[in-house]
Amino acid sequence: MKIAWLYGSHNISFNKPYTWMCLGVRGSGKSALLEHLAEQYLAEGHTVLDLFAARSGESLAWLRSKYATEKSILVLTGENCVAAVPHADVKPASSLTLEDFSTYDIIINSCVFYPNIDAEFEAVNSIIDLLWRRRRWTRLVYVLVREAANLLYARMKIAETQSLAKSFMAYWLRESRHSGCSLGLDSQRFMAVDVDVRSLIDFLFLKALGAGGLSRDMWFVYRYIQPSWLQYAKPNQFAVVTRRGDVGVGVFPLPPWHAREGEDVAFKLGVHVAFEEAPEKPVDRGRFKTVGDAEHSVIVAAYIEEPYGMVKLARRMGRSPATINNVIDEHNSSVEKIGYCPACRRVKGAYAEKPARKSRLNIQQVEAENAGG
Ligand SMILES: Nc1ncnc2c1ncn2[C@@H]1O[C@H](COP(=O)(O)OP(=O)(O)O)[C@@H](O)[C@H]1O
Ligand SMILES: [Mg+2]
Ligand SMILES: [Zn+2]
């Protein structure tokens, strides 16, 4: 990145938890610039959290960068997501710890690994809340938020009103440095219009602004830069305004791994994603407790591994032989009809695809029990 200062000047350091924002129309090179900044933080040994991307798979493009082999990468997923991701460790966002921010160099949270937008927003919120608890650190975390307005929508899910969500945004911008976080946000307009939010931004990058141009309180920039230049700036060009009011223009290189619009990065990288149903829990029905998936699979496994023991097994499980019998029937009928038992599969049971054969002895035992009481 190269900057020529037109008014004042500012020595930019990537060892400070600055907040950065890129403003510009779609395709003006905002995300590419945020990624370039991320690379500068990485070069200084800091951590990058690619928290949010509205376009599917945009943040997965890290996996085809040189960092895929040079750095350690963690990919976060939804609760019931099974994912195979080349060059990365994978774990649910809910088990992310503050330690992971020192273990990993790049942490990617991508919508590709969530079954729906609600699950994704919930994860985004929980990651932000976790970061807030960071008290001691040696590395900065550069948090990349592509299309930051979406973060506001995510927050609106838990804040009652839009104004509460906005004040959260202001709070986050103001306080993030205290938890060692540097924020890189991009926006097509939305928040940058908001003066309270803008006053908290250390570096505001102006990319091609289109017909809209600058809001009134930013007009001083036109003293140094022609409106038409800002309107049509090329993707590698930007103007920059610091919090103090320094003004400059600059250029930056396109990260070669950057995802192009409409590109299916997940597919190209061979990322595999599947969503499992959540295991069914037992339900207490007063005199009777239903058999949850976990118990179901224990019963099936015990039955297959120790044949001829339905009554003994019933006693051991604290169940009636009829219940055991029902479990085995259910299991077998699923395996027969659809090739696997969903209950066993949900808890990753070893016999999800195997029927549990009943012996004649077992059937007689159950019939005798049932007749007897
Ligand atoms: N520094 C750059 N040099 C050359 N081309 C760039 C540069 N930055 C962005 N581009 C081009 O602009 C396109 C859009 O960039 P992107 O960052 O995705 O836009 P935005 O996030 O503003 O919608 C890129 O796919 C790339 O072709
Ligand atoms: Mg973008
Ligand atoms: Zn089963």
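Begin by selecting helix H12, where the buried residues are Pro321, Ile324, Asn325, Val327, Ile328 and His331; here a residue is buried if 20 or more other C-beta atoms lie within 10 Å of its own, exposed if 12 or fewer, and partly exposed in between, with C-beta atoms placed from the backbone. Seen down the axis of H12, these buried residues fall within an arc of 160 degrees, so they line one face of the helix, the arc being that of the directions from the helix axis to the C-beta atoms. The model is predicted, and local features need pLDDT of at least 70, side-chain atom pairs count only at pLDDT 80 or more, while totals for chains, interfaces and linings use all residues. Residues are numbered from 1 along each chain as its sequence is written, and chains are lettered from A and ligands numbered from 1 in the order in which they are written.

Just after H12, stop at glycine 339, which takes a positive phi of about 90 degrees.

Next, colour the chain by domain: domain 1 covers 2-275 and domain 2 covers 284-372, with bounds that come from an automatic or database domain assignment. The centres of the two domains, taken over C-alpha atoms, are separated by 51 Å.

Now select strand S4, residues 73-77, in which five of five residues are buried; helices (H or I, at least four residues) and strands (E, at least two) are DSSP runs, numbered from the N terminus. From S4, Ile73, Val75 and Thr77 point one way, and Leu74 and Leu76 point the other way.

S4 runs parallel to S7 (residues 106-109), joined by four bridges, and leucine 74 stands opposite isoleucine 107 in S7. Four bridges also join S4 to S6 (residues 89-92), again in parallel, and in S6 the bridge partner of threonine 77 is proline 92.

Finish at ligand 1, which 16 residues surround, the closest being Gly29, Lys30, Ser31, Pro235 and Asn236; a residue is near a molecule if its C-beta atom, placed from the backbone, lies within 6 Å of it. Helix H1 (residues 30-43) gives the largest share of this shell, three residues.

Conventions:
Pairing = 2+ DSSP bridges.
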